[in-house]
Amino acid sequence: METIDRFDIQIMRTLEREGRLSNAMLAERVGLSASACSRRLDRLEASGAIRGYHAKLSNRTLGHTITVIVNIGLSGQTERQLSEFEAAARRCPNVLVCFLMSGVYDYLLRVAARDLEDYERIHKTYLSSFPHVVRINSSFALREVLDRTTVGIDPNV
């Protein structure tokens with residue numbers, strides 16, 4: 001994508017706070033015509049600067065009151081082993097986030113569970129049966145302090 005300017009920054013900052021704005025309202029907030037705003041928005045979406053729109057749902061409200069941070073060690077890191085593990089992680093509905101890591105463990109997962117018994121089921125049914133897994137280290141989150149989706153946009157830009 002070409003360089004973004006102050007209007008692009010304003011569009012992204014506004015949508016980050018209020019993702020449900022109509023194009024007309026967004027254009028008004030950033031000081032552009034509706035058509036100019038729409039063109040910029042299309043360009044930001046096509047370039048991947050804006051990756052999508054969604055409602056952020058509460059796992060707690062949906063009955064998943066436990067968040068578990070799981071470190072996974074694999075038997076190796078060949079392309080096949082990584083691909084097979086990642087495909088298995090994608091199939092587990094309780095895995096919310098999966099990162100390939102450097103360091104002692106190969107992957108870090110964020111997993112949602114209803115309770116300890118549900119996490120035991122997830123551990124037995126999914127995590128321990130993922131291909132190439134040799135180590136699993138689970139830590140239970142006591143309380144969510146912060147959950148950002150991005151680093152945000154520097155207000156000085």
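1. At 7% relative accessibility, Asn94 counts as buried, because the cut-off for that class is under 20%. The model is a predicted one. Asn94 sits in the loop that runs between helix H4 (79-91) and E2. With neighbours within four places in sequence left aside, the contacts of Asn94 are His64, Arg110, Val111, Ala112, Asp118, Arg121 and Ile122.

2. One of those contacts, Arg110, belongs to strand E3. Arg110 is partly exposed, its relative accessible area being 26%. Leaving aside neighbours within four places in sequence, Arg110 touches Thr67, Val68 and Ile69, and also Asn94, Val95, Leu96 and Val97. Between Arg110 and Phe99 there are 9.0 Å from C-alpha to C-alpha, with the two residues 11 apart in sequence.

3. Gln81 is a residue of helix H4. Is Gln81 buried or exposed? Its relative accessibility is 11%, so Gln81 counts as buried. Two polar partners can be listed for the side chain of Gln81. The side chain of Ser75 makes a polar contact with that of Gln81 at 3.3 Å. The backbone nitrogen of Thr78 lies 3.0 Å from a polar atom of the Gln81 side chain.

4. Apart from neighbours within four places in sequence, Gln81 is in contact with Leu74, Ser75, Gly76 and His132. The backbone of His132 deserves a look: His132 has a positive phi of about 70 degrees although it is not a glycine. His132 is placed in the loop between helix H5 (116-125) and strand E4 (133-140).

5. Arg51 lies in the loop between H3 and E1. Arg51 has a relative accessible area of 82% and is therefore exposed, whereas Gln81 counts as buried. The C-alpha atoms of Arg51 and Gln81 are separated by 28 Å, and the two residues are 30 apart along the chain.

6. H1 has 12 residues. From its first C-alpha to its last, H1 reaches 17 Å, close to the 16 Å expected at 1.5 Å a residue. The N-terminal end of H1 is capped by Asp5, which has a side-chain oxygen 3.0 Å from the backbone nitrogen of Phe7.

7. Which residues of H1 are buried? They are Phe7, Asp8, Ile9, Ile11, Met12, Arg13, Thr14 and Leu15.

8. The largest pocket has a volume of about 1800 Å³. Elements that give two or more residues to its lining are helix H1 (6-17), strand E1 (66-74), strand E2 (95-100) and strand E3 (107-113). H1 supplies the largest share of the lining, 4 residues.

9. How many residues line the largest pocket, and which lie nearest its centre? The lining has 40 residues, and those nearest the centre are His54, Lys56, Asp147, Arg148 and Thr149. By class, the lining of the largest pocket divides into 19 nonpolar, 11 polar and 10 charged residues.

Technical notes: Residues are numbered from 1 along each chain as its sequence is written. This is a predicted model: local features need pLDDT of at least 70, side-chain atom pairs count only at pLDDT 80 or more; totals for chains, interfaces and linings use all residues. Side-chain values use heavy atoms; hydrogens and water are left out. On a 1 Å grid over the protein atoms alone, a cavity is a set of points where a 1.4 Å probe fits but cannot get out, and a pocket is an open set with protein on both sides within 12 Å along at least five of seven lines; lining residues have an atom within 4 Å of a point. Grid points are joined across faces, edges and corners, and a volume is the space filled by probe spheres set on the points. Ala, Val, Leu, Ile, Met, Phe, Trp, Tyr, Cys and Pro count as nonpolar, Asp, Glu, Lys and Arg as charged, and the others, Gly among them, as polar. The expected span of a helix is 1.5 Å times one less than its number of residues. Buried means under 20% relative accessible area, exposed over 50%, partly exposed in between (1.4 Å probe, protein chains only). A polar contact is a pair of N or O atoms within 3.5 Å; within protein, one must be able to donate a hydrogen and the other to accept it, and residues adjacent in sequence count only if both atoms are side-chain atoms. Contact means heavy atoms within 4.5 Å.
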